[in-house]
Amino acid sequence: MKSLAELKAIKEKMQSQVGLRTESSADVRVLVGMATCGIAAGARPVLNTFAEETAKHHLNVLVTQTGCIGMCQYEPVVEVYDADGTKTTYVKMTAEKAARVVSDHLINGNVVTEFTLGAN
């Protein structure tokens, strides 16, 4: 990144891909921890993958970022809130793991237990 204009272009691109609003008709929410510790651990590619994969599969899922989730040693951390209110916390995420969470959990309804907080 070399200029303020380039930063603004990146911001606008991400805002068009990621639902950064507080209200949504989506039944499922995906929150990616994007505090300093999350970003340093690689949360940006995880966020991008969730946004791209949910859009590619036309899923009614709100993908958004949040601040510190409070578990820095497990970053990048992703919380998935299902339609019934169930929360699943995925830890030590990568872009590849995010793609699998989309296919297994968000599309097929199967929690990827080996990526969850309980398994780590």
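This is a short walk through the predicted model shown above.

Hi everyone, and thanks for coming. Let me start with the overall layout. The protein has 4 helices and 4 strands, and from the N terminus on they run α-β-α-α-β-β-β-α. Of its 120 residues, 38% count as buried. The accessible surface comes to about 6,800 Å², and carbon and sulfur atoms account for 50% of that. If you take the contacts with a separation of 6 or more, 64% of them are between residues 24 or more positions apart.

Now let's look at helix α4, residues 95-107.

After the helix comes Gly109, with a positive phi near 75°.

Side chains of opposite charge can pair when their charged atoms come close. Across the whole structure, the search finds 4 salt bridges, and I'd like to show you a few of them. Arg100 and Asp104 meet in one, at 3.0 Å from N to O. Both residues sit in α4, 4 residues apart, which is about one turn of the helix. Arg100 is partly exposed at 34% relative accessibility, and Asp104 is partly exposed as well, at 23%.

Arg100 has another partner, Glu114, with the closest N and O atoms 2.7 Å apart. Glu114 lies in the segment after α4 while Arg100 is in the helix, so this pair ties together parts that are 14 residues apart in sequence. Through shared partners, Arg100, Asp104 and Glu114 join into one network. Glu114 counts as partly exposed, with 42% relative accessibility.

Another salt bridge links Glu79 and Lys87, where the closest N and O atoms are 3.5 Å apart.

Thr89 is buried because its relative accessible area is 12%, and the cut-off for buried is under 20%.

A disulfide is a covalent bond between the sulfur atoms of two cysteines. How many disulfides does the search of the whole structure find? It finds 0. Take Cys37: its closest cysteine sulfur is in Cys72, 3.5 Å away, and that is too far for a bond, because the cut-off is within 2.5 Å. Cys37 is partly exposed, with a relative accessible area of 22%, and Cys72 is partly exposed at 44%.

Last topic: backbone details. Most residues other than glycine have a negative phi, and most peptide bonds are trans. Where does this model depart from that? The peptide bond from Glu75 to Pro76 is cis, with omega near -10°, and Pro76 is in the loop between β2 and β3. His58 has a positive phi, near 55°. His58 belongs to the loop between α3 and β2 and is exposed, with a relative accessible area of 72%. Lys92 is not a glycine either, yet its phi is positive, about 50°. Lys92 is in the loop between β4 and α4, and at 37% relative accessibility it counts as partly exposed.

That's my tour, so over to you for discussion.

Terms used: Residues numbered from 1 in each chain as written. Predicted model: local features only at pLDDT ≥ 70, side-chain atom pairs only at ≥ 80, totals over all residues. Heavy atoms only, no water. Helix = DSSP H or I, 4+ residues; strand = E, 2+ residues; numbered from the N terminus. Buried < 20%, exposed > 50% of the residue type's maximum accessible area, 1.4 Å probe, protein only. Contact = heavy atoms within 4.5 Å. Areas by Shrake-Rupley, 256 points an atom, 1.4 Å probe, with all protein chains shown as cover. Salt bridge = Lys/Arg side-chain N within 4 Å of Asp/Glu carboxyl O.
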